[in-house]
Amino acid sequence: MRSFRKTLTFQLPERMGFENVTTAVETAVRESGIREGLCLVNAMHITASVFINDDEPGLHEDYKRWLEWLAPYDPSPEKYHHNRTGEDNGDAHHKRQIMGREVVVAITEGKLDFGPWEQIFYGEFDGRRPKRVLIKIIGD
Amino acid sequence: MRSFRKTLTFQLPERMGFENVTTAVETAVRESGIREGLCLVNAMHITASVFINDDEPGLHEDYKRWLEWLAPYDPSPEKYHHNRTGEDNGDAHHKRQIMGREVVVAITEGKLDFGPWEQIFYGEFDGRRPKRVLIKIIGD
Amino acid sequence: MRSFRKTLTFQLPERMGFENVTTAVETAVRESGIREGLCLVNAMHITASVFINDDEPGLHEDYKRWLEWLAPYDPSPEKYHHNRTGEDNGDAHHKRQIMGREVVVAITEGKLDFGPWEQIFYGEFDGRRPKRVLIKIIGD
């Protein structure tokens, strides 16, 4: 069994945003030389997500409005007790639970084994500082 | 290390529905011959889910009502900007995020290593056309 | 390829609660002797979750209020058809979908490959009875 590890770093200009990381993950799969296996891609920060969905700007706008309805940004310690710690990102810890921490993708014949529209995204909910994504691949 | 790959195809008659795929995944585990490992089961489409929960029709009705509250079907481009593309499935991309893309299940002594009530479901949110689920197993 | 399996048992005193299981998972990784691989940690019950987020009591209070808004406890069979079965935990099956069933964590150089604040939690939504978490590790 072989394994491969790589991290990616993102600094998004807004509090919330989505970045397509599919090409970067494909590069990691090639670098790994692994032909059959599993590829884990996860946010290393707890106010961010990695998820698979459509690369369509309208949908990303929909996600932002929807996540803001589900867990609105509010720096006050009344809305989020978490903000009593001096943080203002209580909302981001909720948004991340909706969108998920990680994806696991099959690798088949040296490639991400994807359906027609699957694309991997980094989802940021407390941006404007450098944050990391981990890629770990195991297989043969 | 060994690996095994298989896809399942579903065409559900309604826009939203749940199909128990546990037996099909158990068959794949047997076919793989793998005794110890991990089994990834994921939707290959971004308006569908694979999740683990109870095989109980009342619960599935509850899920449908709840998902419709969280992300109602609405073909208009006002509710979902995604529908400006000509699609009418903006809601389905949201429902799938709640229910998740994939499950990873342990394989122990040649079987899915499950608790007493765990069952694997395909969750469809934009049905009435053929869609695929990927099973990828790695182990020894 | 090597594999390792272990279960943990929890009996939480309240209906809903969160327990930090990071140290227990770290112990399992050491016991496994696996240096490079993947570690699956999943709830074996369908009214419970395993998730990764912050070990901060205010945030956990926020999660409880938020989950209660998303899927309020209500033993009546009107609110949740699932409760027609005689159960009163329809809400718990919904809360678990928000928080997720499982996490997959990379193992690198014999350790959980974590970002600065990542901690693994068992999330209970129908407690006061013994329930299990599965740890399955594969790698070399």
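With a relative accessible area of 40%, B:R65 is partly exposed; here, buried stands for under 20% relative accessible area, exposed for over 50%, and partly exposed for anything in between (1.4 Å probe, protein chains only). This is a predicted model, in which local features need pLDDT of at least 70 and side-chain atom pairs count only at pLDDT 80 or more, while totals for chains, interfaces and linings use all residues. Residues are numbered from 1 along each chain as its sequence is written, chains are lettered from A and ligands numbered from 1 in the order in which they are written, and side-chain values use heavy atoms, with hydrogens and water left out.

So what does B:R65 pair up with in a salt bridge? Its partner is B:D62, with the closest N and O atoms 2.4 Å apart; a salt bridge is a side-chain nitrogen of Lys or Arg within 4 Å of a carboxyl oxygen of Asp or Glu. B:D62 is buried, at 2% relative accessibility. Both residues sit in helix 2 (residues 57–70) of chain B, three residues apart, which is about one turn of the helix. Helices (H or I, at least four residues) and strands (E, at least two) are DSSP runs, numbered from the N terminus.

Over all chains, the structure holds 39 salt bridges. In chain A, one of them joins the side chains of A:E61 and A:K64 (3.7 Å, N to O). About one helical turn separates A:E61 from A:K64, because they are three residues apart in helix 2 (residues 57–70) of chain A. A:E61 is partly exposed at 38% relative accessibility, and A:K64 is partly exposed at 24%. Also in chain A, salt bridges link A:R15, A:D88, A:D126 and A:R129 into a network.

Buried or exposed: where do C:E124 and C:K131 stand? C:E124 is buried, with a relative accessible area of 0%, and C:K131 is buried at 0% too. These two residues form a salt bridge, their closest N and O atoms being 2.7 Å apart.

Next comes the contact between two chains. Chain B brings 36 residues into contact with 31 residues of chain C, contact being heavy atoms within 4.5 Å. About 2600 Å² is buried between chain B and chain C, with carbon and sulfur atoms giving 59% of that area. Buried area is the accessible area (1.4 Å probe) that two parts lose on being put together, summed over both. In chain B, the residues that lose the most area to chain C are B:L38, B:W66 and B:V104, together 20% of what that side buries.

Three salt bridges cross the interface of chain B and chain C. B:E36 and C:K136 form a salt bridge as well, with the closest N and O atoms 2.5 Å apart. On the side of chain B that touches chain C, at least two residues each come from strand 3 (37–43), strand 4 (48–53), helix 2, helix 3 (90–99), strand 5 (102–108) and strand 8 (131–139). Helix 2 of chain B gives the largest share of that side, nine residues.
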